[in-house]
Amino acid sequence: MLTFLQTRRVQDDATRAEVVDTAVAVAQSPSTLAGVRGPDPTAALQPVTEAIRKATGMDFIVVMAPDRTRYTHTETDRIGKPFSGNIDRALAGETFTETFTGTLGPSIRAVTPVRDGDGRIVALVSAGVTRTHIGEQVRAQLPLILAVAAGGLALAMASSLLLRRRLLRQTHGLGTAELRMMYEHHDAVLHSIHEGLLVFGKGDAAAEVVNDQARLLLGLADGPVTRSDLPVSLQRLGAGVVRDEMHVTPERVLVVNQDVVEHAGRRIGTVVTLRDHTELRDVLGELDSVRGFAESLRAQAHEAANRLHTVVTMVELGRPREAVSFATAELELSQALIDRLTGAVAEPAVVALLLGKVEQAAEYGVELTVTGDTLLDSTDPLTPHEMVTLLGNLIDNALDEVGHDEDAWLEVTVRRDDAELYMRVADSGPGMSEELFTRATERGYSTKTDHHGLGLALVRRLVARHAGELRARREPESAVIVRFPR
């Protein structure tokens, strides 16, 4: 129905344009002006207007005098009678259209003036098409309209079915209610879980999902997140499966897992989960320190037992003087180191760490020396625990590097003055280039295949937290140096 009404309106607009064009063309024709001025206007104009009417499809073309007297008409018995329509606007010089019920019934007509050479109005022309004619034209177009509408409806239905199939395929057959429920559950889970979650599609596009915890753990701002926005070690995860890897950021120690997501045998992306193990790692660091002290005590006990057996045997062999000399020499050497460290280092935890590392190094066959310029009145700006963690990791890393070498040695310096807190751990190893050292301080890298590679990464995290400086050098000897300005 709406289509029919729209067609009817369009047809009316087209008819108005046609009747105006026809009326104006007749009024401006020189033969019309000549006929009006002739002795018998009807005889001159009736054949001409009828021929034009048939050619243009008009239902009537009337040429009339300004007083409404018809000169022409489709029905000849109406010639000479007054025109039954509005002509006032035409007499004023205007061309206009109207819908009017005349002698032939309701019609759309146009009325326009005929002017002589001086511009005076000498006659009027009216051309029109009846509503009956217009209705026939519309009805003639109705089958085409219905056919087009049916075709459009069929196309719309086919498109709707194809779109539905595509949507069902992409949503795995889930309906709107199921999708809404899934979205609500999905959103609730993402905001409630205490693990960081990042979901990446194929390629290097921005992550499709980044939950609040992931932004918190990685220090990410609001907005899209790409792999280049992640810490360096996470950028190097690659595209494979990762299980429980430790990664160190400037603020946190994270356990990272990555899984590949596939559907119908086709890879569609990766899922990365993050767990915060910062506090756990700090506790494990303390445990490592305690374990190191225990190992040192064990080594000392083992060494003391060997010395005691030697002294007892020398006594049994009747050499008490040599036994006393052997026992006191070893005691004096150990006591001298203890006295020197306790006098130079005010923090007992650091003294215990250095003594323990000396014994641990000796067990590896490595000579560890604490330099004479070691002087530490305080661990500030570090806490004693942070100092033990930092220095212990540096010494352990150096021991791992040279522990299997012959004539290996370590040299440790710890000093605090008015300008800085200074630490230096040198060793007999080949050292690392600047590039290699930078990689070693990033999580995931280690020069040892049986090591997790977290020691130097934890050192870098601690140094960065206190705005310190961490660097390595190879000349004149291999050394790692840490400075904290005061």
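Guide: A residue counts as buried when its relative accessible area is under 20%, and as exposed when the value is over 50%. The model shown above is predicted.

Visitor: What does H14 pack on?

Guide: Start with the sheet itself. Its 5 strands run in the order E6-E5-E9-E8-E7, the sheet is open, and the pairing is antiparallel. Strand E6 (209-210) and strand E7 (242-248) are its edge strands, since each of them pairs on one side only. H14 packs on this sheet and touches E7 and E8, with a direction about 40° from that of E7. A contact here requires heavy atoms within 4.5 Å.

Visitor: How do you know that E7 and strand E8 pair?

Guide: Pairing takes at least two bridges between the strands. E7 and E8 (residues 253-263) have 5 bridges, in the antiparallel sense, and therefore meet the cut-off of two. In one of these bridges, Val 242 is partnered by Gln 258 in E8.

Visitor: What makes E1 largely enclosed?

Guide: 5 of the 5 residues of E1 are buried, so this strand is largely enclosed by the rest of the structure. In a regular strand the side chains alternate between the two faces of the sheet. In E1, Phe 60, Val 62 and Met 64 lie on one side, while Ile 61 and Val 63 lie on the other, and all are buried; both faces are covered. E1 also pairs with strand E4 (residues 121-130) over 5 bridges in the antiparallel sense, and Ile 61 stands opposite Ala 127 in E4.

Visitor: Why are E10 and strand E13 said to stand at the edges?

Guide: They belong to an open sheet of 5 strands in the order E10-E11-E12-E14-E13, with mixed pairing. E10 and E13 (469-473) each have a single partner strand, so one side of each is left without a neighbour in the sheet. On average, neighbouring strands of this sheet are turned by 10° against each other, direction ignored. Helix H12 packs on the sheet, touching E10, E11, E12 and E14, and makes about 15° with the direction of E12. Within the sheet, strand E12 (residues 420-427) pairs with strand E14 (residues 478-485) in the antiparallel sense over 8 bridges; Val 425 has Val 480 as its bridge partner in E14.

Visitor: Arg 68 or Asp 407: why is one called partly exposed and the other exposed?

Guide: Arg 68 has 26% relative accessibility. Asp 407 has 71%, which is over 50%, so Asp 407 is exposed.

Visitor: What is phi in Arg 68 and in Asp 407?

Guide: Phi of Arg 68 is positive, near 85°, and phi of Asp 407 is positive, near 55°. Most residues other than glycine have a negative phi, and most peptide bonds are trans. Arg 68 is found in the loop between strand E1 (60-64) and helix H4 (88-91), and Asp 407 in the loop between H12 and strand E11 (409-416). Ala 467, which follows H14, also has a positive phi, near 55°.

Visitor: Is the peptide bond from Asp 380 to Pro 381 cis or trans?

Guide: The bond is cis, with omega near 15°. Pro 381 lies in the loop between strand E10 (367-370) and helix H12 (384-402).

Visitor: How do you know that the charged end of Arg 227 sits over the ring of Phe 200?

Guide: The distance part of the rule asks for CZ of Arg within 6 Å of the ring centre. The charged end of Arg 227 is 4.2 Å from the centre of the Phe 200 ring.

Visitor: Where in the chain does pLDDT stay under 50?

Guide: That stretch is residues 444-452, for which the model has 15 contacts beyond four places in sequence. Where pLDDT is low, the predicted coordinates should not be read in detail. For the protein chain, the mean pLDDT is 80, and 85% of the residues reach 70 or more.

Conventions
Residues numbered from 1 in each chain as written. Heavy atoms only, no water. Helix = DSSP H or I, 4+ residues; strand = E, 2+ residues; numbered from the N terminus. Buried < 20%, exposed > 50% of the residue type's maximum accessible area, 1.4 Å probe, protein only. Lys NZ or Arg CZ within 6 Å of the ring centre and 35° of its normal. Axes fitted to C-alpha atoms, helices over the stretch in contact; angles between N-to-C directions. pLDDT = per-residue confidence, 0-100.
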